Amino acid sequence: MGADVTILHVVKPKRRSDDALVASAVAREILRRERESPTALGNGVAVPHAIIPGACSAAVLATLAEPLAVRTPGGAPLRLLVVLVCGEGGRAHLELLAQVARLAGHDAAGVLCAARDAEQLIDQLAQLEAGCG
């Protein structure tokens, strides 16, 4: 599975059919930005993101069952995607990106991909974030 297919799968709507058009627009914008400037941070983490005026901010954390072999800083295959959608750029958006970068530096991919279930993943994420202050 390639990076484009992975991102499309992550933003695929899970509920109402009305969401399909919105999800498609979000996926197109994320992929456009990714082609302009790849968002792999290293240590197996990438933060594909889009700024869509008027959108509600949202984040999806996706652990990949199979590492994704794409060009990354340090050469580690992608194992963790943090997909962000923000209604506007600015300080809050940059702070989110910076927090994901800090998590990447603390082996977030290794820790979170080892979680047995969603509850453990959330607990591990809270511990990582506490250590990244």
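Guide: Exposed is the word used here for a relative accessible area over 50%. The model is predicted.

Visitor: Why is Cys56 called exposed?

Guide: Its relative accessible area is 69%. The cut-off is over 50%, so Cys56 counts as exposed.

Visitor: What makes Cys86 buried or exposed?

Guide: Buried requires a value under 20%. Cys86 has a relative accessible area of 3%, and is therefore buried.

Visitor: Why is Glu29 called buried?

Guide: Glu29, in helix α2, has 19% relative accessibility. The limit is under 20%, so Glu29 counts as buried.

Visitor: Which residues does Glu29 touch, not counting those up to four places away in sequence?

Guide: Glu29 touches Ala50, Ile51 and Ile52. Glu29 and Ile52 are 23 residues apart in sequence, with their C-alpha atoms 8.1 Å apart.

Visitor: What makes the pairing of the Glu29 and Arg32 side chains a polar contact?

Guide: The two side chains come to 2.6 Å. The rule asks for N or O atoms within 3.5 Å, one able to donate a hydrogen and the other to accept it. The Glu29–Arg32 pair is counted as a polar contact.

Visitor: Why is Thr39 called buried?

Guide: Thr39 lies in the loop between α2 and β1. Its relative accessible area is 10%, and the limit is under 20%, so Thr39 is buried. Beyond its neighbours within four places in sequence, Thr39 is in contact with Glu34, Val45, Ala46, Val47, Pro48 and His49.

Methods: Residues are numbered from 1 along each chain as its sequence is written. This is a predicted model: local features need pLDDT of at least 70, side-chain atom pairs count only at pLDDT 80 or more; totals for chains, interfaces and linings use all residues. Side-chain values use heavy atoms; hydrogens and water are left out. Helices (H or I, at least four residues) and strands (E, at least two) are DSSP runs, numbered from the N terminus. Buried means under 20% relative accessible area, exposed over 50%, partly exposed in between (1.4 Å probe, protein chains only). Contact means heavy atoms within 4.5 Å.
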